[in-house]
Amino acid sequence: MTLRLGVLVSGGGTNLQSILDAVRAGALDAEVRLVLSNRPKAGGLERARAAGVPALAISHRRFETREAFDAALVEALREHGVEWVALAGFMRVLTPTFLRAFPGRVVNIHPALLPAFPGVEAQHQAWDYGVKVAGCTVHFVDEGVDTGPILGQVAVPVLDDDDAERLRLRILAEEHALYPRVLQWLAEGRVVREGRRTRLAPEG
Ligand code: GRF
């Protein structure tokens, strides 16, 4: 099943790029129908346009409530035939208004091994804490902050000569491999969800 995907970004969009590249390479059976950003200047919007994908900015500042902002996002996504939503560096917490529109079909990538270090600047949190193993997580989105059922994780060792920035970049490289891979599992309909637990059904 081809995933009709909407991607939500707030920043540079390197994860979006990894999704676009995987689609073009035939490694991800998805069609990116719309890239949405709450920030008009987000680099991700440029990446979308360069790939010939519709890109739209809807500033959250124009709305009085989170629900009203989310309703506008949902409307735009629906207009473009989006069925699945991938958050890729999207810096707003989604309300039930949004999640109910795409039940069980919103995923996020987080630059830490959840449930450790949820929230912003997770790589820096992990670095400051002094962990020996960092990493990244792709998970379903629920109403909490980075709390939904986990779909995939990759561990990244912290090296003795690391600094926070080097670690962030090595985690980011793993994010770029992990996110398209998990999305492809979803496209193949192989993800089995049992409460908080997910597992991958065999291929074919
Ligand atoms: C990534 O580290 C992602 O895990 C986090 O925000 C960052 C976004 O980077 N949620 P980019 O915009 O995809 O380059």
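In the predicted model, a polar backbone atom of Ile109 lies 3.3 Å from a nitrogen atom of the ligand. This pair is a polar contact, defined as two N or O atoms within 3.5 Å. A backbone N or O atom of Gly13 is 2.7 Å from an oxygen atom of the ligand. For Thr14, a polar side-chain atom is 2.5 Å from an oxygen atom of the ligand. On its own, the ligand has 370 Å² of accessible area, and the protein covers 81% of that area. Accessible areas were computed by the Shrake-Rupley method with a 1.4 Å probe.

Ligand surroundings include Gly12, Asn15, Gly89, His110, Pro111, Gln123 and Glu175. By class, the shell holds two nonpolar, seven polar and one charged residues. Here Ala, Val, Leu, Ile, Met, Phe, Trp, Tyr, Cys and Pro count as nonpolar, Asp, Glu, Lys and Arg as charged, and the others, Gly among them, as polar.

Helix α6 covers residues 164-187. Helices are DSSP runs of H or I with at least four residues, and strands are runs of E with at least two. At 1.5 Å a residue, the 24 residues of α6 should span 34 Å, and the end C-alpha atoms are 34 Å apart, which agrees. The expected span is 1.5 Å times one less than the number of residues.

The loop between β5 and α5 (122-129) contains Pro115. A cis peptide bond links Leu114 to Pro115, with omega about 10 degrees. Phe117 belongs to the loop between β5 and α5. Its phi is positive, near 55 degrees. Most residues other than glycine have a negative phi, and most peptide bonds are trans.

Residues are numbered from 1 along each chain as its sequence is written. In this predicted model, local features need pLDDT of at least 70, side-chain atom pairs count only at pLDDT 80 or more, totals for chains, interfaces and linings use all residues, and side-chain values use heavy atoms, without hydrogens and water.

How values were computed. Near = heavy atom within 4 Å. Polar contact = N/O pair within 3.5 Å; in protein donor to acceptor, adjacent residues only side chain to side chain.
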